[in-house]
Amino acid sequence: MSAPPVAEPRTAVTAKKKAKAVPRQQLSFGQRLRRDWPLLLMCVPAMVLLLVFHYVPALGNVIAFQDYNPFVGDDPLEAFLYSEWIGFGNFEYLFKTQAFWDSVITTLSITAFQLLFYFPIPIALAVLLNSILSPKIRALVQSVVYLPHFFSWVLVVSLFQMMLGGAGLLAQTLRQAGYTPPEIMTNPDTFMFLITSQAVWKDAGWGMIVFLAALAAIDPALYEASAADGAGRWRRMWHITLPGLRSVIVLLLILRLGDALNVGFEQFVLQREMVGREAAEVVDTYVYYQGIAVQQWGVGAAAGLFKAVVGILLIVGANKMAHRFGEQGIYSKS
Amino acid sequence: MSADTTVRPRRNTLRPVWEEQPSLLGQFGKGTILTVVVAVVLVPLWVVVVTSLSSEKTINSAGGYVFIPREFNPSAYVVIFSGGQITDAILVSTIVTVAGTALSLVVTVLAAYGLSRPGTLGHKPILFYFLLTFLIYPGMIPSYLVVTGLGLKDNLLSLILPTAISAFNLVVLRAFFMSIPGELYDSARMDGAGELRILTRIVLPLSKAVTAVVGLFYAVGYWNAFFNAILYIDRNDLQPVQRVLQQFILAGQSPSTSGAAVAIPGLGSSVPPSLAIKMAVVVVTIVPALIIYPFVQRHFTKGVIIGAVKG
């Protein structure tokens with residue numbers, strides 16, 4: 001009654017949100033604008049930032065279809081407009097380049113390798129930690145293993161270099177004991193193991209969180225009932241714990257598959273010099289070296305765009321697969 | 001045969017009564033695995049800290065890295081904090097992190113609040129605009145061209161603006177804001193409060209924890225940013241710490257040859273060994289995370305993460 005005029009329609013809307021029975025109150029565009037302009041204004045700074053640094057560069061991917069030359073205009077932005085259009089020329093060049101396909105294959109094999117040797121670790125760790133009764137030990141282990149997630153890749157690779165590198169702690173200890181230390185950081189043959197252990201060290205602990213939450217959501221009565229029916233520890237894990245984790249596991253598998261061409265970038269840029277191009281060239285580093293270092297802008301952008309499009313297809317495909325398995329997936333069928 | 005025929009005086013009270021006693025082997029195995037896991041994380045950090053605090057004599061007698069602390073010798077820290085490239089880098093990273101986190105938090109909180117009430121004008125398209133960033137990536141090369149085209153090369157803003165907004169953090173905050181009961185908004189509005197006032201007086205005080213976590217994520221992102229510096233920063237005195245770390249540890253440059261770090265009057269001949277300086281740089285890059293971490297750690301349990309996943 002004595003509320004300011006602005007508040008009145010708003011209350012109606014909030015009420016509508018809570019109790020759907022209240023009929024929708026029709027407001028004209030002007031009325032809604034007068035009511036909502038502060039909220040709109042609040043979104044503007046974030047929208048502008050994303051426009052300039054996210055969407056404009058996303059549109060800038062058109063240079064994949066151009067013979068982009070940054071010097072034809074007054075600045076690189078104007079060059080977007082004046083560069084010559086060459087259709088799929090960059091893609092043709094790209095698909096004929098062996099180095100590009102090598103980087104795709106390296107990327108995919110890293111993804112496959114990590115699905116086998118990285119993906120199960122957070123799950124196993126979460127199940128193990130969940131079986132620890134003492135809350136103190138659980139909290140201690142959690143705060144320790146979450147920590148490396150907040151380290152930069154530079155720091156993680158540096159720590160590995162300091163522990164396992166040619167002048168590192170391991171080599172130092174072995175040399176003092178009279179052995180020849182193995183090459184760990186610079187051996188391209190074992191590079192896959194190296195990057196996977198780095199990824200495990202950095203993120204496996206953090207990856208546990210989701211699984212711990214899913215484990216906490218399992219009804220303890222299920223365990224009690226199955227124990228009463230004579231199921232032992234392993235049977236309970238097989239028939240209750242793992243089914244309880246199933247949908248989370250599927251969800252994360254989908255996300256990982258959709259990200260099959262994304263294996264990280266800094267980790268590889270940092271170690272490319274040490275192990276050589278053959279082992280460490282993934283699609284992202286190819287884009288960087290092709291585009292920015294060699295300044296073949298169009299070809300680099302074409303590789304990046306190829307990766308983005310394949311990524312979207314992979315996500316959609318993986319999600320379809322999840323639906324076929326009767327799981328929710330990332331987005332639901334519409 | 002079964003466990004319940006024997007009397008167990010020291011039964012763990014946390015164990016549910018129906019659960020069988022664990023085998024000795026199982027318990028031993030679990031203990032070992034967890035100890036190894038914790039050690040694998042902590043031992044490298046320990047070695048780094050101890051070595052950074054060692055004198056040349058200790059480092060030489062250990063043949064390099066030091067495992068057992070014998071002294072407390074902070075001279076490496078004195079060196080890196082008394083001018084030169086490393087001091088510059090620490091300063092740059094601090095400025096970028098503080099300014100960047102402040103900007104990101106303000107902008108993200110505003111947008112998250114602006115989007116926290118479905119049914120308002122333009123709610124759906126604006127939300128879609130933000131969510132679309134998950135699907136469409138800018139791509140490295142066009143980003144590079146845009147940022148350099150805006151004249152941000154060798155400008156610290158190039159380390160802040162391109163990564164200022166994370167749609168993920170925005171969605172987390174928005175989900176939390178939406179969970180605040182609508183009656184609180186309504187009563188404030190009855191009292192004549194505007195949106196900004198409601199946000200600062202009611203919503204933010206209720207969301208301290210989640211805002212702190214989002215702030216931590218932003219701060220960690222800025223502090224750890226490395227590659228943007230390679231792309232956009234050429235000047236030596238504007239490099240952030242991660243770049244310096246990479247140059248010293250991975251590219252193998254010795255700190256004594258780069259910058260004025262070592263030529264410090266007063267220290268004279270007692271210049272600490274370069275290994276200790278390197279380790280001190282490593283410690284400096286870790287410490288900020290270590291300081292904030294305990295305060296925020298208890299908040300990032302299920303709520304934030306799961307809420308975020310579900311959007």
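UniProt positions are given here in the numbering of this structure, feature names are shortened, and annotations may be inferred rather than shown by experiment. With that in mind, the UniProt record, an unreviewed entry, places the feature "domain: ABC transmembrane type-1" at residues 104–318 of chain A.

Before walking further, a word on the model: it is predicted, local features need pLDDT of at least 70, side-chain atom pairs count only at pLDDT 80 or more, and totals for chains, interfaces and linings use all residues. Residues are numbered from 1 along each chain as its sequence is written, while chains are lettered from A and ligands numbered from 1 in the order in which they are written.

Let us stay with chain A. Residues 104–318 are 77% helix and 0% strand, and their end C-alpha atoms lie 19 Å apart. Helices (H or I, at least four residues) and strands (E, at least two) are DSSP runs, numbered from the N terminus. The unreviewed UniProt entry also annotates "transmembrane region" at residues 37–56, 104–129, 150–171, 204–225, 237–255 and 297–316 of chain A. Take two of these: residues 150–171 of chain A are 68% helix and 0% strand, with end C-alpha atoms 27 Å apart, and residues 204–225 of chain A are 86% helix and 0% strand, with end C-alpha atoms 32 Å apart.

Next come the domains, whose bounds come from an automatic or database domain assignment. Chain A has domain 1 (7–85) and domain 2 (89–324), and their centres, taken over C-alpha atoms, are separated by 34 Å. Six residues from each of these two domains of chain A take part in their contact (two residues are in contact if their C-beta atoms, placed from the backbone, lie within 7 Å).

Chain B is divided into domain 1 (20–73) and domain 2 (76–310). Here nine residues of domain 1 of chain B and 10 residues of domain 2 of chain B make the contact. On the domain 1 side in chain B, α1 (24–52) and α2 (56–62) each supply at least two residues, and α1(B) gives the most, with five.

Finally, how many residues does each chain bring to the contact between chains A and B? Chain A brings 84 and chain B brings 81. Helix α2 (residues 29–59) of chain A provides the largest share of the chain A side, 18 residues. That side of chain A divides into 61 nonpolar, 15 polar and eight charged residues, where Ala, Val, Leu, Ile, Met, Phe, Trp, Tyr, Cys and Pro count as nonpolar, Asp, Glu, Lys and Arg as charged, and the others, Gly among them, as polar.
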